[in-house]
Amino acid sequence: MAFRVERDPLGEVRVPADAYYGVQTQRARENFPVSGVTASPAFILATVQVKKAAAEANRDTGRLDARLAAAIIQAADEVLAGRFHDQFVVDVFQAGAGTSHNMNTNEVLANRAIEILGGARGDYRIVHPNDHVNMAQSTNDVFPTAMRVAALTLERDLVAALSHLAGTLEAKGRQFDHVLKSGRTHLQDAVPIRLGQEFAAWGLAVRRAAERIGRSFRAMEELNLGATAVGTGLNAEPEYIRRVVERLAANTGLALRPAESLVMSTQFLSPFVEASGALRAYAVDLGKIASDLRLMSSGPRTGLAEIRLPAVQPGSSIMPGKVNPVIAEATNMVCFQVIGNDVTIAMAAEAGQLELNVMMPVVALNLLQSITILTSMSRILADRCVAGIEANEARCRELAERSTGLATALAPTIGYEAAAAIAKEAAATDRPVPAVARERKVLPDDQLDAILDPHAMTEPGVPGRTRRRAARPLEETS
């Protein structure tokens with residue numbers, strides 16, 4: 001391999017001759033061969049958006065020569081169009097605060113700008129990574145700004161995916177609204193519920209999660225860009241600070257604004273903790289839905305078997321004909337990962353010291369991964385599982401009619417103790433509650449039929465006596 005020699009304050013380093021990155025990136029490659037995972041495309045694009053906005057703002061203030069600015073902006077646009085992503089080679093576990101990633105970006109843009117201006121890569125007399133590409137910036141405001149831009153950009157697809165999953169669940173709720181089944185609490189028989197009510201509830205839970213995520217992500221629209229090293233804005237003119245945020249907002253289409261306090265927003269990672277918390281809350285709810293799907297589809301002969309999930313692949317290498325709930329299982333695993341990511345983000349955010357939190361790279365890694373995998377898994381669950389679910393109506397009704405929870409409807413009329421005795425005998429003799437109640441002659445048969453109608457138990461009211469009407473608005477009753 002051919003090399004070129006570059007120099008930084010620590011000395012000379014050999015860099016691959018065809019690389020667009022430079023000496024500081026090469027040092028990071030040698031120092032941090034940790035995971036083999038490099039920056040995500042979303043984070044690369046976000047960082048380059050910051051560099052482009054900075055070049056535009058510095059040009060507008062007259063600090064950066066227009067010719068150099070044009071070359072840096074062209075280089076940035078080329079990366080934004082998909083070129084040179086293989087040149088972002090720093091491991092995600094790297095120097096604190098993300099200095100290595102920031103310099104990787106500075107060097108790639110500088111070397112491409114040098115080429116645009118007719119020079120050779122590594123000739124930083126033409127365009128310098130620090131003096132020109134990083135002008136009026138610090139890793140300490142570039143990196144957290146890129147984290148925000150990447151997360152806010154990915155949020156669009158995340159919220160759309162949640163809306164799609166919610167709609168798919170709600171459609172199943174309407175389709176299954178007539179299907180009566182046994183409710184369960186503590187994994188034991190409970191009063192009846194309609195299968196459609198369960199799916200509709202899941203759909204609403206996902207919609208509420210999308211709303212929480214949307215609210216929590218708004219805090220990330222406040223940027224510390226212009227804070228430079230410690231939040232004081234040293235080496236960044238006030239006009240630059242105003243213009244760079246305006247440029248970045250215009251280029252990305254995001255509702256970005258300058259931080260109320262550059263010092264505060266440089267020290268604290270609270271917006272990322274808040275956003276991660278909303279993602280964790282969704283992961284908890286989504287995991288619960290996936291687990292319920294696995295329970296309700298268990299079988300086909302020895303489980304609940306109330307629903308049938310689409311068969312998307314063989315389930316066993318040894319048991320012929322076995323089909324597993326693989327989409328729901330993968331969903332659970334994604335949820336576990338997101339919950340673990342949230343713990344990492346919380347610990348990293350708490351580890352900030354004095355004027356800076358140097359743990360930002362691991363926060364970026366985990367937050368962006370959580371957004372990405374929840375987005376993908378929500379769509380997969382909707383399209384490859386929920387959309388194809390079928391109800392086993394006969395099985396649902398059979399279990400509902402055999403549930404000892406039916407005795408609950410008798411309690412308002414014959415009392416808790418008498419209803420409990422019927423439920424106990426029904427369980428002990430393996431007979432339905434209505435049969436035991438008739439045998440005991442606790443009520444006339446026609447009254448028993450009305451009270452023990454399972455469908456009636458799925459709506460508010462006292463079966464056999466009253467049905468609760470929907471409450472009228474207060475202004476109508478006053």
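This is a predicted model: local features need pLDDT of at least 70, side-chain atom pairs count only at pLDDT 80 or more; totals for chains, interfaces and linings use all residues.
Me: How are H6 and H10 oriented to each other, roughly parallel or roughly antiparallel?
Reply: Helices are DSSP runs of H or I of at least four residues, strands are E runs of at least two, and both are numbered from the N terminus. Axes are lines fitted to C-alpha atoms, for helices over the stretch in contact, with angles from 0 to 180 degrees between N-to-C directions. Helix H6 (residues 139-175) and helix H10 (residues 270-296) pack at about 25°, their axes 12 Å apart. That makes the pair roughly parallel (under 35 degrees; over 145 is roughly antiparallel, 65 to 115 roughly perpendicular, the rest oblique).

Me: How many residues of the contact of H6 with H10 are charged?
Reply: Contact means heavy atoms within 4.5 Å. On the H6 side are Pro144, Met147, Arg148, Leu158, Leu162 and Leu165, which meet Pro271, Phe272, Leu279, Tyr282 and Leu286 in H10. Ala, Val, Leu, Ile, Met, Phe, Trp, Tyr, Cys and Pro count as nonpolar, Asp, Glu, Lys and Arg as charged, and the others, Gly among them, as polar. The division is 10 nonpolar, no polar and, as charged, 1.

Me: Is the crossing of H7 and H10 left-handed or right-handed?
Reply: H7 and H10 pack at an angle of about 165°, with axes 8 Å apart, and are therefore roughly antiparallel. A crossing is left-handed if the near helix is turned anticlockwise from the far one by less than a right angle, and right-handed if clockwise. H7 passes H10 in a crossing that is left-handed.

Me: What is the handedness of the crossing of H3 and H4?
Reply: Helix H3 (residues 66-80) packs on helix H4 (residues 99-116) at about 115°, with axes 8 Å apart. The crossing is right-handed.

Me: Which residues lie nearest the centre of the largest pocket?
Reply: On a 1 Å grid over the protein atoms alone, a pocket is an open set of points with protein on both sides within 12 Å along at least five of seven lines, and lining residues have an atom within 4 Å of a point. The largest pocket has a volume of about 410 Å³, the space filled by probe spheres set on grid points joined across faces, edges and corners. Its lining divides into 8 nonpolar, 5 polar and 3 charged residues. Of the 16 lining residues, those nearest the centre are Ser297, Gly299, Pro300, Leu309 and Val323.

Me: Which elements give two or more residues to the lining of the second largest pocket?
Reply: The second largest pocket holds about 310 Å³ of space. Its lining has 13 residues, with Arg184, Glu198, Lys288, Asp292 and Met296 nearest the centre. The elements are strand S3 (180-185), helix H7 (195-217) and H10.

Me: Is the peptide bond from glycine 299 to proline 300 cis or trans?
Reply: Proline 300 lies in the loop between H10 and strand S7 (307-308). With omega near 5°, the bond from glycine 299 to proline 300 is cis.

Me: What is the phi of threonine 228?
Reply: Threonine 228 sits in the loop between strand S5 (222-223) and helix H8 (238-252). Although threonine 228 is not a glycine, its phi is positive, at about 50°.

Note on methods. Residues are numbered from 1 along each chain as its sequence is written. Side-chain values use heavy atoms; hydrogens and water are left out. On a 1 Å grid over the protein atoms alone, a cavity is a set of points where a 1.4 Å probe fits but cannot get out, and a pocket is an open set with protein on both sides within 12 Å along at least five of seven lines; lining residues have an atom within 4 Å of a point.
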